[in-house]
Amino acid sequence: GLPNLTDVGLETLFTGQLAGLPNPPRLRKLNLSKCGDKNAVTDTIIELAANASTNAPTTKPTNNNNNNNNKFSTTTTTNSLSSIRGSSSRGGLVYLGIHGSSCTDVSMESLAAMAANSIQELDVSFSPHITDKGLGYLVSKASHQFTKLHIWGCAQITEEFLDGHSRVNNNDDDDTNTITTNSRFEIIGTWMKKGA
């Protein structure tokens, strides 16, 4: 990892049209789990990275809304998402690791808008500000190629998501701490599931 990387450095990396800097990388796999402290990986960074991965033009967000108020919103943090919805068919993140980040449900909303047709695996382990509603929204919007979700250390994820989502309510395997559904959707790290 890069322990000294900051949110400003990540924002610069994924922001397009900055004088003297190359365009942001169009990554398919991105693991930000060991970058900087937990505040380095924010909703804004995830939006910029997801946007860059879709081949859509990227510009600096107009609204830095990084408060961790755990409120799920049907609106997004910037105006840019509405203009690129559906662009995930042109590319997009396949794997995203944000283990231990300060990301919220807003990041799940960004992924649903920009990576719904590409995301296959997501690691949100030890990310305390992502809720049942945020994960449920992403899983509902993502296509069936989204097959693996890591939630180790996310005690805030409850039966509302684990037992209540249409893609997440089959075949609990206590020996592997994994839920596997008929649609081949795996949730890894469900040891804290209360209603087993």
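These questions and answers concern a predicted model.

Reader: What makes helix 2 roughly parallel to helix 4?
Author: Look at the angle. The axes of helix 2 (residues 43–53) and helix 4 (residues 105–114) cross at roughly 10°. Angles under 35 degrees count as roughly parallel. Therefore helix 2 is called roughly parallel to helix 4. The two axes also come within 9 Å.

Reader: Which residues of helix 2 and helix 4 meet?
Author: Helix 2 brings Asp43, Ile46, Glu47, Ala50 and Asn51. Helix 4 brings Val106, Ser107, Ser110, Leu111 and Met114. By class, this contact has five nonpolar, three polar and two charged residues.

Reader: Why is the aromatic pair of phenylalanine 146 and phenylalanine 185 called edge-to-face?
Author: Take the distance, then the angle. The ring centres are 5.2 Å apart, and rings pair if their centres lie within 6.5 Å. The planes stand at 75°, and over 60 degrees counts as edge-to-face.

Reader: How do you know whether phenylalanine 146 is buried or exposed?
Author: Its relative accessible area is 0%. Buried means under 20%, so phenylalanine 146 is buried. Phenylalanine 185, also at 0%, counts as buried.

Reader: Why is glutamine 17 called exposed, but phenylalanine 126 partly exposed?
Author: Glutamine 17 has 60%, so it is exposed. Phenylalanine 126 has 46%, so it counts as partly exposed. Glutamine 17 has a positive phi, near 60°. Phenylalanine 126 has a positive phi, near 55°.

Conventions: Residues numbered from 1 in each chain as written. Predicted model: local features only at pLDDT ≥ 70, side-chain atom pairs only at ≥ 80, totals over all residues. Heavy atoms only, no water. Axes fitted to C-alpha atoms, helices over the stretch in contact; angles between N-to-C directions. Helix = DSSP H or I, 4+ residues; strand = E, 2+ residues; numbered from the N terminus. Parallel < 35°, antiparallel > 145°, perpendicular 65-115°, else oblique. Contact = heavy atoms within 4.5 Å. Nonpolar A, V, L, I, M, F, W, Y, C, P; charged D, E, K, R; others polar. Phe/Tyr/Trp six-rings, centres within 6.5 Å; stacked < 30°, edge-to-face > 60°. Buried < 20%, exposed > 50% of the residue type's maximum accessible area, 1.4 Å probe, protein only.
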